[in-house]
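Please prepare a short report on the structure shown below.

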Amino acid sequence: MKKKKSVVVFVILLACVALLGYYTYGILKGTVAKDSDAGIKLGLDLAGGVSITYEVVGDEDPSSEDMSDTIYQLEQRVSAYSTEAEVYQVGTDRITVEIPGVTDANAILEELGNPGTLEFQTADGEVYMTGDHVVDAQAGTNTDSTTGSTYYAVELTLDDEGAEIFAEYTEEYLDDYLPIYYDGECITYPKVNSVISNGQAEITGMDSYEDAEILATQIRSGALKLELSELQSEVVGAKLGSQALRSSIIAAIIGILIIIVFMIAVYRIPGVAASIALLLYTGMVLAVLHLYHITLTLPGIAGIILSIGMAVDANVIIFARIREEIAAGRAVSQSITTGFRKAFSAILDGNVTTLIAAVVLYLRGSGSVRGFASTLAIGIIFSMFSALVLTRWLVRALYGLGCKDKKFYGEKKEREPIRFLSKRFICIGISLAVIAAGFVGMGVFKATQGNILNFSLEFMGGTSTTVTLDDDYSIEYIDENIIPYLEDAIDDTNIQTQKVSGSNEVVFKTRSLDLDEREALVDALENDVGVAEEDISDSQNISSTISSEMRKDAVWAIIIAGICMLIYIWLRFRDIRFAASAVIALGHDVLIVLAFYALTRTNVGTTFIACMLTLVGYSINATIVIFDRIRENLAAEAGNRNVDYELVVNKSITQTLSRSINTSLTTFIMVLMIFILGVSSIREFTGPLMVGVVCGAYSSVFLTGAMWYMMKNRSVKRQQAKALENKKSKKSKK
């Protein structure tokens, strides 16, 4: 790149940094002020929103199944406003909907209050029956009488009038299709195999029992007779308070600055380029979150942290390659070109693998899972652009400006391979011991405390008590001066606080309390806090905000994402052993962090899901980098019948060791800053995340290569034994 062109490129990129910096400052200022127009749209945990409570009309004691179906129906509806909305049951006949970033309840009340429309249509769109005629729909597992194979189905029961209508249309449309629509969307497209005259239909074609259960729930939801009426609506404040948001932003800024200093100190001129690219990357991500009104919550922040780590990781891989080329005696210009080229496959595979997971999580997940997936996907796309385009331009521009001496880039000379595999059984033993300790701890806590993990309100439900205080105190004041008394009274360290905007009312959500504990809570409020008896409302039971359907969505999203990632790894590396090793390492990392949650009794809530998802993305990316180097070194051994696979693996891990350390360190710094400066609820999230970062680095360096080697070695020995047996057989025949 000529000097004049280099100056132009460098000036343009610096101007972009300045403009994005100014724009980003405005976004951050608006975000702190919780202005959804000027800043990023925030979730309930960071900014609050509208809380609407509905009461069932005409049925004082609705069934738990009807209530569950209604909650699921409302969850699907409010997702149009925000993926971070929460729906939960209060008492026996009330449902509360909380939507972040909304301040006008009247605009959405009518739509949310209406049950979904279920329509039975012909293939050409004629509606011949509605959900009013559905009596029941249940998922089931049946056996084919002819083949004996198992299949999943939904058993549909219609009333008498519905049975007559269905008999008429199944006769007319025999061997044709009669689709079912919910809220205008086709949810199943079954074929009519026989005339159904008794009102008992069977819908088949589902891939799993869970799919059948979801379809049955949708059909029941569209057929609900429950009528909802608004009981009350109010604007509620952030669950975490303003300080949590402000401290998280400050921590992120400090973390990025430390990373910039680290990159420049370690990588010199390329570090300068990476730092400028990182600033551009951060600005672009925040701009997209702002422009497209994407709701940001703590899980979303986790996605951004992971994508920043991956952006730094890509640069580290590139710079290590450039240093290797310089050490091999090549010119700096050629080393830059070759370094980017050789780093491309590892960056591509690592980012695409994680992007696959993000897409599946968004399409198949719900709630906070989708929020995490959207921010992660945005971050991945921009991190790849940042590393492969912006950093390349900047390095070339700096080279063109006169930074041509190899001392500005450094050299990475070949070092003797470290014998990592010689310690593989010790490392496996340590991992198994930690995992076993986790399971033992879960068993002990199950026997002594009733739960294997310290599940929060989001998972277990609890008790809600509304209190009118004598002043409009901030969440921070309440957390510091009121919550400790309540924690001592009922022995609950996970009390959630939510303010009702424009009033002195505060909602305290605790674990489920018995009568004695409710009395203890009231006594603490009266005697320790000074609240009058008439200002304390009756406590009510509330259901979990993470519904069973949402949990199933999350589990299946993770399973499908894992399968898709592994198929990609298998196809890219053309060796099932790489995919199998990645699966084992992934399972190892999840179990280690799960053991941490169990043994430390860290609160397991919405952020637990985000932490596990972050771990999956981070761990698989670290593994891909080492696998990419093993693949490259194996290619160099092509034609060699006596490949020393142990040496290849040790050499590959040693060559990528600086990347493993530096990337883990920069990601750890980001999380550590948020842990140090964040409030207690944020520490409950970042603490396990730091364990996950360390665990992901450990498994990538000490376990993944070792597992691939053991499987490969076993395969080679089998081939050798088979060849020897064939040789002996031929000799005996002679």
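Which residues are linked in a network of salt bridges? The network joins Arg321, Glu324, Lys412, Arg629 and Glu632; a salt bridge is a side-chain nitrogen of Lys or Arg within 4 Å of a carboxyl oxygen of Asp or Glu.

The structure is a predicted model, in which local features need pLDDT of at least 70 and side-chain atom pairs count only at pLDDT 80 or more, while totals for chains, interfaces and linings use all residues. Residues are numbered from 1 along each chain as its sequence is written, and side-chain values use heavy atoms, with hydrogens and water left out.

**Salt bridges**

By the rule above, the count of salt bridges comes to 16.

| Aspartate 313 | Arginine 659 | 2.6 Å |

The salt bridge between aspartate 313 and arginine 659 links distant parts of the chain, 346 residues apart: aspartate 313 lies in helix 8 (residues 298–327) and arginine 659 in helix 20 (residues 657–677). Helices (H or I, at least four residues) and strands (E, at least two) are DSSP runs, numbered from the N terminus. Both aspartate 313 and arginine 659 are buried, where buried means under 20% relative accessible area, exposed over 50%, and partly exposed in between (1.4 Å probe, protein chains only). Aspartate 575 also counts as buried, because its relative accessibility is 10%. Arginine 511, with a relative accessible area of 29%, is partly exposed.

**Nonpolar cores**

A nonpolar core is a set of buried Ala, Val, Leu, Ile, Met, Phe, Trp, Tyr and Cys residues joined through side-chain atoms within 4.5 Å. The largest has 101 residues, and Met263 and Tyr409 have the most contacts inside it. Helix 10 (residues 368–400) supplies the largest share of this core, 16 residues. A second, separate core of 30 residues includes Phe420, Ala579, Ile630 and Val701.

**Serine 208**

Serine 208 sits in the loop between strand 10 (200–206) and helix 5 (209–222). Serine 208 is buried because its relative accessible area is 9%. Leaving out residues up to four places away in sequence, serine 208 touches Tyr152 and Trp556, contact meaning heavy atoms within 4.5 Å.

**Helix 9**

Helix 9 (residues 332–364) has 33 residues and should span 48 Å at 1.5 Å a residue; its end C-alpha atoms are 47 Å apart, which agrees. The expected span is 1.5 Å times one less than the number of residues.
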